[in-house]
Amino acid sequence: MATTQPFDMVLFGATGDLVMRKILPSLYAAHRSGALHADGRIVALGRTAGDLSDYLAQVQAQSMPHIKDIGDDWAAFAARISYLPLDAGEKDHFQRLADTLGVRPDRVTVCYLATAPRLFTKICAGLRDVGLNHAGVRVVLEKPLGHDLQSSEEINADVARHFAENQIYRIDHYLGKESVQNLMALRFGNVLLEPLWRREWIDHVQITIAEEIGVEGRGDFYDRTGALRDMMQNHLLQLLCMVAMEPPANFSADAVRDEKLKVLKALRPFSADDLALRVVRGQYRAGVADGQAVPGYQDEPNVAPESSTETFVALRAEISNWRWSGVPFYLRTGKRLAARLAEIVISFRDVPLDLFQRPNSLQSTNRLVIRLQPEESISLHMLGKEPGEGMRLQPTVLNLDLHAASRRRRADAYERLLLDVIHGRLGLFMRRDELAAAWSWVEPILDSWAREDTPPRPYAAGSWGPAASNALLSRSGAAWHEEI
Ligand SMILES: NC(=O)c1ccc[n+]([C@@H]2O[C@H](COP(=O)([O-])OP(=O)(O)OC[C@H]3O[C@@H](n4cnc5c(N)ncnc54)[C@H](OP(=O)(O)O)[C@@H]3O)[C@@H](O)[C@H]2O)c1
């Protein structure tokens, strides 16, 4: 594994949940694997006045439980960390940061903004004021990047006032999954799949990101956001782009992102008439999760009692281009569903003639399943001959996950993306125009929901969502892939 160059990783919001649960454990994993340069510093910033020992005590209590395997090298990792109190509203605090880091364009300085997006403008201006927007600085922006097209454009315009686009890393951790990159390798590294990767041979595509958990104490945030903004506009559309994009001219960041943008721009817009047919929104009621009774969404803390915020959305997307015209892309995401599952399923068309009198269960079985959660895997589902006499078919699954067969550790998505930022690789990060195109496509849905007074369809916690979500597929003879 290539070791990074010397770097400073500046964590805004270092006392927060994201840094504790994801960023620090991922940096530690990178440290353990030898991927971080010995001269790599982690500068943790929080509003709370305190010193390094207070911060390390917090790390011990809140971050270490999220690390599977802590070794003797923890002390060397902890030695990379320093702590600095910084309030984004206080200009002189940025000067203190600049004094700590030094203004050194020759040094990679990653500023990870793990704070509420309303602070992005202040933080970027504060960095600029003290010269920390030089060519060596990269800013990482967490979601949610806006509430709609306009607010997203405002944030992006503010950040662009101080940083060039190639300094901005908009993170979507689903793109950091090994299986998503393996999909690229399988598609573009082989001659076998690409001829089949089109409307003539693909019946439909499904993308699911299902969560078993509810709003987990984030009712206030979630009630203002909902599943469409929180998951569909970003993660599911990004995964759709990875499936549907044309082969890029090369693997440079902009060549890949240009192709993704073309997909987003080719998404067939929703008309007022077909919204009801193509989009299903739902909200969970009381039910059972993990064997325990759980309350309905409207009874969650900090959720309005008559809230109409959707906790589930399923939709049928179509891409108006020569490759995909007429192929439905079914996308769904929700909270309090039957399982924690994230996967992409490419369903191929059936053979033109059934020579084997297959039972219904063996019709249309050719599928490529790219699973991202709970475990990553990639497998091709086919039919083969049942051993023995006669000619009966049975399902067979080809495991295409090279990682499963190797002894190499599978890096977590955040770890891979953090290393990409330090290395200066932008390919797995969203460009501003992609974000705008994604918002433009989902906005008519948001507008229509805001106008209409029909509430979301109820579904029991622990189920797969409202029945209408099944009807989206069954109209064309398909069904959601729900094999766990
Ligand atoms: N948590 C996740 O799993 C997750 C996943 C995806 C995206 N995100 C996004 O990542 C961001 C951070 O999420 P989080 O869950 O870590 O939030 P959080 O637990 O509320 O932490 C927020 C952090 O921001 C700091 N902060 C607040 N006001 C500040 C100010 N004026 N100046 C400087 N720092 C300030 C807080 O410092 P104090 O401790 O001093 O208040 C804290 O460290 C949010 O935009 C969230 O939507 C989070």
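Strand β7 (residues 202-210) pairs with β12 in the parallel sense, over 6 bridges. Strands here are DSSP runs of E, at least two residues long, and helices are runs of H or I, at least four residues long, all numbered from the N terminus. Two strands pair if DSSP finds at least two bridges between them. Within this pair, Ala210 has Gly334 of β12 as its bridge partner.

This is a predicted model: local features need pLDDT of at least 70, side-chain atom pairs count only at pLDDT 80 or more, and totals for chains, interfaces and linings use all residues. Residues are numbered from 1 along each chain as its sequence is written.

Now take β12 itself (residues 329-334). It is largely enclosed by the rest of the structure, because 6 of its 6 residues are buried. Buried means that 20 or more other C-beta atoms lie within 10 Å of a residue's own, with C-beta atoms placed from the backbone; exposed means 12 or fewer, and partly exposed is in between. Phe329, Leu331 and Thr333 point one way from β12. Tyr330, Arg332 and Gly334 point the other way.

Strand β11 also joins β12 through 6 bridges, and these two run antiparallel. Phe312 stands opposite Gly334 in β12. Ala317 lies in β11 (residues 312-317). Why does Ala317 count as buried? It has 23 other C-beta atoms within 10 Å. Beyond its neighbours within four places in sequence, Ala317 is in contact with Leu240, Leu267, Phe329 and Leu331. Contact means C-beta atoms, placed from the backbone, within 7 Å. The C-alpha atoms of Ala317 and Gln206 are separated by 10 Å, although these residues are 111 apart along the chain.

Step back to the sheet. Its 9 strands form an open sheet in the order β16-β15-β14-β13-β7-β12-β11-β8-β17, with mixed pairing. At the edges are β16 (393-399) and β17 (457-460), each pairing on one side only. On average, neighbouring strands are turned by 20 degrees against each other, direction ignored.

Strands β13 (residues 341-348) and β14 (residues 367-373) pair in the antiparallel sense over 6 bridges. Here Glu343 has Arg371 of β14 as its bridge partner. Helix α7 (residues 178-189) lies across β14 and β15 (377-385), running at about 150 degrees to β14. Such angles run from 0 to 180 degrees between N-to-C directions; axes are lines fitted to C-alpha atoms, for helices over the stretch in contact.

Last, the ligand. It is surrounded by 22 residues, the closest being Gly13, Gly16, Leu18, Arg47 and Ala88. A residue counts as near if its C-beta atom, placed from the backbone, lies within 6 Å.

How values were computed:
Contact = placed C-beta atoms within 7 Å.
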